[in-house]
Amino acid sequence: MTATPTEQRFAAAAHLEPAAMARAHRHVVTKALSEFAHERLVTPGPAEGPAGASGRTWWKLPTGDGVCYRFAARVLPLEHWDVDPASVTRTVDGAEAPLDALALIDELQPDLGIPDALLATYLEEVSATLAGVAWKLHHRRADARELARADLQTVERSMTEGHPAFVANNGRIGFGLADTAAYAPEAGEPVRLVWVAARREHTHLACGDGVDEGLLYSGQLGEEQLERFARRLRELGLDPADYRYLPVHPWQWEHRLAVTFAADVGRRDLVPVGRSEDRYQAQQSIRTFFDLDRPDRHYVKTALAIQNMGFLRGLSPAYMRPTPAINDWVASVVRSDAELAGAGFDVLRELAAIGYTGDAYHRMAARGIRSPYQRMIAALWRESPVPRLAADERAMTMAALLHRDAEGRSLVGGLVADSGLGARAWVRRYLDAYLRPVVHCLLAHDLAFMPHGENVIVVLSGSTPARVFMKDVGEEVAVFGDRPLPAEIERIRVDEPDDVRLLSVFTDVFDGFLRYLSAVLDGDGLLPADEFWPVVAECLLAHRAAHPELHERFDLFAPEFAHSCLNRLQLRNTLQMVDLADQTSSLQYAGTLANPVAPFGPRR
């Protein structure tokens with residue numbers, strides 16, 4: 001018997017059941033205790049208890065009103081709280097109570113500093129994160145060791161955690177059940193993008209080196225599809241020459257363009273002309289799509305007006321305008337450097353960007369009024385890594401190296417086992433491909449990336465890291481100092497002292513990624529944390545030996561560095577945690593962290 005539409009809608013919420021939600025609460029509470037302690041928002045105290053597994057000791061955290069949490073944990077380098085999820089308990093007035101991530105946030109609000117006006121919004125993001133965890137537990141049971149042998153898109157749709165630091169990392173405020181099933185990366189459903197013709201006089205199309213409008217559209221759409229779009233315009237009495245084509249997320253078309261921009265559609269400044277022939281898959285960054293039918297074609301990044309992890313995920317036409325030029329300049333720097341070329345390090349260029357500005361919200365901008373509605377109709381195209389892979393190579397985002405499946409098996413453990421190398425040798429290969437080029441870019445070229453897991457594509461030869469590609473360059477790259485830059489890309493210049501420059505390694509790499517990778521390898525018994533950081537030091541020392549002049553000014557082995565905290569940013573303002581035009585001024589600090597490579601540095 002066929003299910004009714006109402007029954008189908010209820011079935012879409014099948015993951016919202018007690019067992020899955022209990023596991024989701026335990027996961028989020030465990031992460032919150034770990035990350036809030038790491039950021040010194042809370043201070044657990046020692047507690048008595050039986051000897052814990054893997055050298056963990058017992059801790060307690062009273063939160064007031066008779067509530068207390070107890071858990072077993074180890075404190076690894078960089079004050080990483082490795083909490084055993086199974087050990088976490090909550091008592092209320094001495095009686096055992098169920099774990100509840102929303103209750104934990106409410107109990108800790110004074111310590112976390114969440115403004116009263118934003119507490120409900122943050123709780124909604126935590127609730128959505130809980131729902132996301134439950135959905136993945138219900139639908140995604142892939143073996144991490146098998147994923148270690150999989151292709152890029154299989155890995156992408158099988159990730160379960162999201163950003164490793166943020167507690168509320170899966171907010172997606174605006175998505176409903178059907179949207180999650182259709183468009184969430186973990187759903188892995190093919191998507192056909194909506195294409196809109198935008199009146200030429202109200203658009204700006206920026207193209208990078210070697211790209212023009214004709215080449216872009218013919219290469220990404222094909223002549224037959226372009227002719228169908230043009231025929232649709234002619235049927236409406238419109239001249240195709242008066243329009244450019246712009247890809248739109250299906251959710252954005254239904255919820256924003258057809259509603260918020262109804263006037264623009266009504267006067268035919270925006271005209272829906274069809275769906276893409278090719279099927280796309282959403283990437284971990286949710287608004288970026290990979291072409292499943294033509295993997296050699298570019299990624300497409302679209303505006304998506306949902307609230308997720310501290311931002312409305314729009315794209316600004318004004319911000320997109322210089323993006324191809326920024327990518328061209330960064331690529332020219334990277335590709336002209338012999339050290340980087342030798343490592344195979346490169347960037348995936350954002351080759352073209354388009355934005356529409358003919359709406360009422362952009363007319364407000366002329367009077368200096370800024371609004372999220374000015375970031376709702378834009379897109380860009382980024383190179384795919386697939387054409388650059390050799391026959392014996394495959395790729396995955398670096399975020400995958402932190403993945404554990406529902407049974408606790410790690411993907412990186414599978415890579416190490418399949419590589420035939422010991423864990424120490426595998427890690428050194430990885431660091432030479434990733435850390436050394438990132439450090440070289442900073443020291444040799446004053447060039448800093450945002451090299452977190454989603455922004456790095458790791459190319460594997462067999463199961464061993466061979467090289468990496470950086471992506472998301474236009475929005476997240478910075479150049480320090482006064483080196484000459486083309487006038488149109490001046491926005492990427494940042495004037496900060498040397499200690500802040502080094503945070504692009506200390507915070508973004510050491511604390512933002514290697515801290516977690518070290519804990520995974522340690523937890524699997526592959527490489528203890530106190531043996532991991534000496535390998536990191538060896539990588540840095542090898543670069544220092546090859547380029548001693550670059551290390552004269554910057555000390556990567558300094559005893560400590562400023563403790564820059566990500567959750568503090570989101571807790572302070574979950575609607576917009578940083579000003580994209582001045583990100584460094586938004587940073588939140590909590591004292592300093594001991595540098596884990598300092599004991600292994602050169603003798604002073």
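Is helix 18 (residues 435-445) mostly covered or mostly uncovered? It is mostly covered, with ten of its eleven residues buried. For the notebook: this is a predicted model, where local features need pLDDT of at least 70 and side-chain atom pairs count only at pLDDT 80 or more, while totals for chains, interfaces and linings use all residues. Residues are numbered from 1 along each chain as its sequence is written, and side-chain values use heavy atoms, with hydrogens and water left out.

**Entry: helix 18**

I took helices (H or I, at least four residues) and strands (E, at least two) as DSSP runs, numbered from the N terminus. Buried means under 20% relative accessible area, exposed over 50%, and partly exposed in between, with a 1.4 Å probe and protein chains only. I listed the buried residues of helix 18 as Leu435, Arg436, Pro437, Val438, Val439, His440, Cys441, Leu442, Leu443 and His445.

I stopped at Arg436, which lies in this helix. Arg436 counts as buried because its relative accessible area is 17%. Contact means heavy atoms within 4.5 Å. Leaving aside neighbours within four places in sequence, I found Arg436 in contact with Glu339, Leu431, Cys539, Ala542, His543, Ala546 and His547.

Just after helix 18, Asp446 takes a positive phi of about 55 degrees.

**Entry: the cores**

Next I looked up the nonpolar cores, each a set of buried Ala, Val, Leu, Ile, Met, Phe, Trp, Tyr and Cys residues joined through side-chain atoms within 4.5 Å. Which residues touch the most other members of the largest core? Of its 83 residues, they are Leu435, Phe449, Phe510 and Leu514. Helix 21 (residues 503-523) gives this core its largest share, eleven residues. I also noted a second, separate core of 46 residues, which includes Val191, Tyr217, Val248 and Val273.

I then followed Phe510. Leaving aside neighbours within four places in sequence, Phe510 is in contact with Leu78, Leu435, Val505, Arg515, Trp533, Val536, Leu540, Asn595, Pro596 and Val597.

**Entry: helix 17 against helix 21**

I fitted axes as lines to C-alpha atoms, for helices over the stretch in contact, with angles running from 0 to 180 degrees between N-to-C directions. Helix 17 (residues 423-433) packs with helix 21 at about 165 degrees, and their axes are 13 Å apart. The two are therefore roughly antiparallel; the classes are under 35 degrees for roughly parallel, over 145 for roughly antiparallel, 65 to 115 for roughly perpendicular, and oblique for the rest. Helix 17 passes helix 21 in a right-handed crossing (right-handed if the near helix is turned clockwise from the far one by less than a right angle, left-handed if anticlockwise).

Val427, Tyr430 and Leu431 of helix 17 make the contact with Phe513, Leu514, Leu517 and Leu521 of helix 21. I sorted these residues by class and got seven nonpolar, no polar and no charged. Here Ala, Val, Leu, Ile, Met, Phe, Trp, Tyr, Cys and Pro count as nonpolar, Asp, Glu, Lys and Arg as charged, and the others, Gly among them, as polar.

**Entry: helix 3 against helix 4**

How far apart are the axes of helix 3 (residues 101-112) and helix 4 (residues 116-139)? They are 9 Å apart, at an angle of about 155 degrees. This pair is therefore roughly antiparallel, and helix 3 passes helix 4 in a right-handed crossing. On helix 3 the contact is made by Ala101, Leu102, Ile105, Asp106 and Gln109, and on helix 4 by Asp116, Leu119, Tyr122, Leu123, Val126, Ser127 and Leu130. By class I have eight nonpolar, two polar and two charged residues in this contact.

Val535 lies in helix 22 (residues 529-546) and is buried at 0% relative accessible area. Val535 and Ala425 are 110 residues apart in sequence and 8.8 Å apart in space, C-alpha to C-alpha. Leaving aside neighbours within four places in sequence, I found Val535 in contact with Arg424, Val427, Arg428 and Leu431.

Gly414 lies in helix 16 (residues 411-419) and is buried at 3%. Gly414 and Arg149 are 265 residues apart in sequence and 8.1 Å apart in space, C-alpha to C-alpha. Not counting residues up to four places away in sequence, Gly414 touches Arg145 and Ala148.
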